[in-house]
Amino acid sequence: MTDLPQDPSDSAMSRDDLIASLTEDLTPIRRVRPVEGMVLIAFATIIASVASIAAHEWWDGLLTGDASGYFIITHGLLLVLGAASTAALVSGALPRVGARANAPLWSAIMLGILPLGAIINLLSGNGDHAREGLNDPAAYMCTTASLAAGALVLVAAVLWLRRGAPVSLERSGWLAGLAAGSLGTLAYGITCPLDTFSHVGLWHVAPVAIGAVVGRLVVPPLIRW
């Protein structure tokens, strides 16, 4: 005994019913746009900069030409690392197929040359560098103030990641920490009048490494779906 052929209209109706049952409880949400994440983190950086200036006063060395080349190069690399990490972070919050950007890694490697060079100078006993060394009286202030400024950026990064759906939580943690450390140091750095190679090469880079580790440990549990 053979089965009677099924009416094609019945199959179409069953598909429609299935789709309707799956979508009837869904509510429309506003699309997440990458530019919003960039703006959010940039705004947090500006707020951190204003707060740093209010607490520590503005240093006009950049405007008067008193800032050393070491100071300009260090903070330029911090800006590059902050921008690269932010772009990768914002992109990573929106799942997609494709190669991951490795700009943050290369930016971090370039920045890492500075503390290496500063340590070499310290070991060589070169003048002011040898006298400052690890006994730099401003080391604690620069490190803690940069991390405090970076905390605002980290909060903004977490808020953005929670709006998206990051697949690699660990990578998002590293990126959030790198962005917070570099942009936080940049926000505080505009108030710091110390511009020797050993100072900026060590104590304006240390918060980036600390921020990356903190981001890796703290961020993933906060953004887990």
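Reader: Let's start with serine 52. Which helix does serine 52 lie in?

Author: Serine 52 sits in helix H2. Keep in mind that this is a predicted model.

Reader: Is serine 52 buried or exposed?

Author: A residue counts as buried when its relative accessible area is under 20%. Serine 52 has 6%, so it is buried.

Reader: And what is serine 52 in contact with, leaving aside its neighbours within four places in sequence?

Author: Serine 52 touches Glu57, Ala149, Ala187, Tyr188 and Thr191.

Reader: Glu57 is on that list. Where is glutamate 57 found?

Author: Glutamate 57 is in the loop that links helix H2 (34-56) to helix H3 (61-64). Have a look at its backbone too: phi of glutamate 57 is near 75°, a positive value in a residue other than glycine.

Reader: Does glutamate 57 count as buried or exposed?

Author: The cut-off for exposed is over 50%. Glutamate 57 has 60% relative accessibility, so it counts as exposed.

Reader: Okay, now helices. How are two packed helices described?

Author: You give the angle between their axes and the distance between the axes.

Reader: In which hand does H8 pass H10?

Author: The crossing of H8 past H10 is right-handed.

Reader: Which residues meet there?

Author: From H8, the residues include Gly173, Trp174, Gly177 and Leu178, and they meet residues of H10, among them Val208, Gly211, Gly215 and Val219. Sorted by type, the residues of this contact are eleven nonpolar, eight polar and two charged.

Reader: Zooming out, how many helices and strands are in the protein chain?

Author: Count ten helices and zero strands. Along the sequence, the pattern reads α-α-α-α-α-α-α-α-α-α.

Reader: What share of the protein chain is buried?

Author: Of the 225 residues in the protein chain, 42% are buried. As for the surface, the protein chain exposes about 12,900 Å², with carbon and sulfur atoms supplying 67% of it.

Reader: And how far apart in sequence are the residues that contacts join?

Author: Take the contacts in the protein chain between residues at least 6 apart in sequence: 88% of them join residues at least 24 apart.

How values were computed. Residues numbered from 1 in each chain as written. Predicted model: local features only at pLDDT ≥ 70, side-chain atom pairs only at ≥ 80, totals over all residues. Heavy atoms only, no water. Left-handed = near helix turned anticlockwise from the far one by under 90°. Helix = DSSP H or I, 4+ residues; strand = E, 2+ residues; numbered from the N terminus. Contact = heavy atoms within 4.5 Å. Nonpolar A, V, L, I, M, F, W, Y, C, P; charged D, E, K, R; others polar. Buried < 20%, exposed > 50% of the residue type's maximum accessible area, 1.4 Å probe, protein only. Areas by Shrake-Rupley, 256 points an atom, 1.4 Å probe, with all protein chains shown as cover.
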